[in-house]
Amino acid sequence: MDRINTIGRRKTAISRIYLSAGSGAISVNGKDYKQYFPTEVLQIILNQPFSTVNGVGGYDVKVNVRGGGVAGQAEATRMAIARALVELNADFRPALKKEGFLTRDSRMVERKKYGRRKARRRFQFSKR
């Protein structure tokens with residue numbers, strides 16, 4: 001099996017991954033994923049596609065991720081891993097699609113409007 005290259009996006013985070021057969025090592029930007037994503041919730045998000053298709057520990061993943069925060073980066077990486085697994089084996093598609101890992105979450109931050117404090121929040125009203 002060659003290396004499979006896919007991309008995943010979430011908010012402003014972009015994740016490029018290289019998936020190959022191996023022992024289950026995941027490195028993110030040159031670090032171990034447990035060091036890069038310190039909270040257990042983010043680590044679970046990263047492993048969700050593997051646990052859905054019962055492939056935990058069967059693949060090595062090299063991740064390059066940039067932009068956004070850690071949560072957006074973790075979800076972008078999850079999407080990229082899911083896409084790579086589908087490219088590897090088309091039988092995984094229904095299970096991953098059902099979990100929503102193949103759908104791009106298009107929600108973005110709403111821009112700030114003039115005359116407002118934030119996107120929708122108005123300035124505090126002062127009677128006097």
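Reply: Buried means under 20% relative accessible area, exposed means over 50%, and partly exposed is in between (1.4 Å probe, protein chains only). This is a predicted model, in which local features need pLDDT of at least 70 and side-chain atom pairs count only at pLDDT 80 or more, while totals for chains, interfaces and linings use all residues. Residues are numbered from 1 along each chain as its sequence is written, and side-chain values use heavy atoms, with hydrogens and water left out.

Me: Is Glu110 buried, partly exposed or exposed?

Reply: Glu110 has a relative accessible area of 38%, so it is partly exposed.

Me: Which salt bridges does Glu110 form?

Reply: Side chains of opposite charge can pair when their charged atoms come close. The rule for a salt bridge is a side-chain nitrogen of Lys or Arg within 4 Å of a carboxyl oxygen of Asp or Glu. Glu110 pairs with Lys113, with the closest N and O atoms 2.8 Å apart, and with Arg120, at 3.0 Å. Lys113 is partly exposed at 24%, whereas Arg120 counts as exposed because its relative accessibility is 59%.

Me: How many salt bridges does the rule give?

Reply: The count is 5. One of them joins Glu75 and Arg10 (3.0 Å, N to O). Arg10 is buried at 9%, and Glu75 is partly exposed at 22%. Arg10, Glu75, Asp105 and Arg107 are linked in a network of salt bridges.

Me: What is Leu46 in contact with, beyond its neighbours within four places in sequence?

Reply: Contact means heavy atoms within 4.5 Å. The partners of Leu46 are Ile26, Tyr33, Phe37, Ala74, Thr77 and Ile81. Leu46 counts as buried because its relative accessibility is 0%.
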